[in-house]
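Hi,

Here is the structure I promised to pass on.

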Amino acid sequence: MVMKKERKVNVSGKPKHSLDVNRGNGDKKEGRSAATVRRLKMYNTRPKRDRKGKILKHDLQSKELPSTRIQPDRRWFGNTRVVNQKELEFFREELQSRMSSSYNVILKEKKLPMSLLNDHQKQARVHLLDTEPFEDAFGPKIKRKRPKLMAVDYESLVKKADGSQDAFEQKHAGSAHTEGSEGDGLRDLVRHTMFEKGQSKRIWGELYKVIDSSDVIVQVLDARDPQGTRCYHLEKHLKEHCKQKHMILLLNKCDLIPAWATKGWLRVLSKEFPTLAFHASINKSFGKGSLLSVLRQFARLKSDKQAISVGFVGYPNVGKSSVINTLRTKNVCKVAPIPGETKVWQYITLTKRIFLIDCPGVVYQNSDSETDVVLKGVVRVTNLQDASEHIGEVLKRVKKEHLERAYKIKDWDDDNDFLVQLCKLTGKLLKGGEPDLMTVAKMVLHDWQRGRIPFFVPPPRLPQGDSSNEPCISGVEKDPAVDDNKASAAIKAIANVISSQQTMNVPVQKDLFSEKELEGDNSEQPEPLDS
């Protein structure tokens, strides 16, 4: 038989179980301490329940129950915030005037009763009490009115329909005549896809990404044609749907036009949005300090945020990436004198509180012809199939003395004669001595896009009553609805920066304009300004 081993009995009386509280560690480091054992036992405690599962007692539950009775208050049964109807209408009108201004900022919008101030979309269409009083519509002395019909009988309805048709045809006759051709009256829908650059869904998606991510939007304009490179659709979108965002107009390439023209455009555009002049250059820039100070003041207005984002939008080849490189004083964005170099949006750090966003150039839908699209710098000149057809518009826009000084040609009959003379002068000839009109036309368009040919649109004349020599910036003033001293000081600082730039000496490239043009001709200069 096999002998069974006897089980050893703990004779010493010392606890051996791993969950015994009285068990000591001894010299072994891997054993559990008494505190560890008590904590493990605490995890295993379970509440006592009855047959239905309701908890009767729990060791970890507090024995003292709080008083759950709520003290009654008479404010439960009454409206504590009541405003008079006249006061509400006055406040709505005052707030509407403030929100429509681009220079005023409304702080703490969440604390304002915006639901009372803005009519709901369904309620905005129904204004019964505006047409007739409450007593006549709903009271006991209700009056039944005859419905307002368009016509009393069938003959008057036919006459009204014919009259509206004639009015519609007269209104749209001009646009239909311009769109149709002279021969058969059909529209010419054939247009090369390169003239639709900057209008794709991808580009517009990048634009709206920048708008959604930005607190301040800088619209970069070409100083040679500011109104032609503006996006009125974007400005309308920001005023209607993004009232909390601020817009700045930046006149880039101000060194390509005379100083009086730059200051004239500043005075005209500053009546709508804060406007600054800028010359993008890493070494010799103009307007960099003014733009940085304005961005710092906007960062003070957005003091509830840790940092603000500034988005740069505009037409292709207006210098958005060059402006960002000028602010950073180094090449952080890829730049080129051709449109479409920036493909996607880029995030650049300027300071700890200011971030810059570069956006691809966007072409906004308008009625520009193919020549206008080329001269605005949207299309790359190297991709044009027939560049000579756009030279006639260049000869119309540029003064004759500028072309004579640039190309040493004194007289020409038409655009073809001009190109032929330029081919002979520069030696651009094909086999048999035929002039290479395509190469020379592209050379002229390259000079146009890069600013080697002087051209600018003069600013509109100011009204006779506005003849003050001091720069006029409307809307940049202290908002009485804002009690924050920091916000009012920031708004005043922005107004001072914008007004002070209109009195600075704006740099102009040498040998680009004559002394008479730099001083300003009476036929072009809208108002004498201090330089």
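Below is what turned up, starting with the overall picture and then going place by place.

A word on the ground rules: this is a predicted model, so local features need pLDDT of at least 70 and side-chain atom pairs count only at pLDDT 80 or more, while totals for chains, interfaces and linings use all residues. Residues are numbered from 1 along each chain as its sequence is written, and side-chain values use heavy atoms, with hydrogens and water left out.

**Overall picture**

The protein chain has 18 helices and eight strands. Both come from DSSP runs, numbered from the N terminus: helices are H or I with at least four residues, strands are E with at least two. Of the 531 residues in the chain, 36% are buried. Buried means under 20% relative accessible area, exposed means over 50%, and partly exposed is in between (1.4 Å probe, protein chains only). For contacts, the cut-off is heavy atoms within 4.5 Å. Among contacts between residues at least 6 apart in sequence, 68% join residues at least 24 apart.

**The core**

Nonpolar side chains tend to be buried together in soluble globular proteins. A nonpolar core here is a set of buried Ala, Val, Leu, Ile, Met, Phe, Trp, Tyr and Cys residues joined through side-chain atoms within 4.5 Å. The largest one has 98 residues, and V310, F312, L356, F418 and L445 have the most contacts inside it. Helix α10 (residues 288-301) gives the most to this core, with seven residues. Leaving out residues up to four places away in sequence, V310 touches S214, V216, V218, L295, I354, F355, L356 and I357.

How many of the nine residues of α11 are buried? Seven are, so the helix is largely enclosed by the rest of the structure. The buried ones are K320, S321, V323, I324, N325, T326 and L327. They pack against β3 (216-222), β4 (246-252), α10, β6, β7 and β8 (354-358).

Most residues other than glycine have a negative phi. N317, in the loop between β6 (308-314) and α11 (320-328), has a positive phi near 65°. N317 is buried, with a relative accessible area of 17%. T329 follows α11 and has a positive phi near 60°. T329 sits in the loop between α11 and β7 (346-349), and is partly exposed at 41% relative accessible area.

**T275**

T275 is in strand β5 (residues 275-277). Is T275 buried or exposed? It is buried, because its relative accessible area is 1%. Not counting residues up to four places away in sequence, T275 touches L249, L251, L266, L269, S270, I498 and Q501. The T275 side chain also makes polar contacts (pairs of N or O atoms within 3.5 Å; within protein, one must be able to donate a hydrogen and the other to accept it, and residues adjacent in sequence count only if both atoms are side-chain atoms). One reaches the backbone oxygen of L269 at 3.3 Å, and another involves the backbone oxygen of F273, 2.9 Å away. The C-alpha atoms of T275 and M247, 28 residues apart along the chain, are separated by 9.2 Å.

**L238**

L238 belongs to helix α8 (residues 232-241) and counts as buried at 6% relative accessibility. With residues up to four places away in sequence set aside, L238 touches I211, I217, K243, K245 and M247.

**Aromatics**

Rings of Phe, Tyr and Trp (its six-membered ring) pair if their centres lie within 6.5 Å; planes under 30 degrees apart count as stacked, over 60 as edge-to-face and the rest as tilted. That rule gives six aromatic pairs. One of them is W412 with F418, edge-to-face at 5.0 Å centre to centre and 65° between the planes. Both W412 and F418 are buried, and Y407, W412 and F418 form one aromatic cluster. The charged end of K400 sits over the ring of W412, 5.4 Å from its centre; that takes NZ of Lys or CZ of Arg within 6 Å of the ring centre and within 35 degrees of the ring normal.

**Cysteines**

A search of the whole structure finds zero disulfides, defined as pairs of cysteine sulfur atoms within 2.5 Å. C333 is buried at 4% relative accessible area, and C359 is buried at 0%.

Cheers
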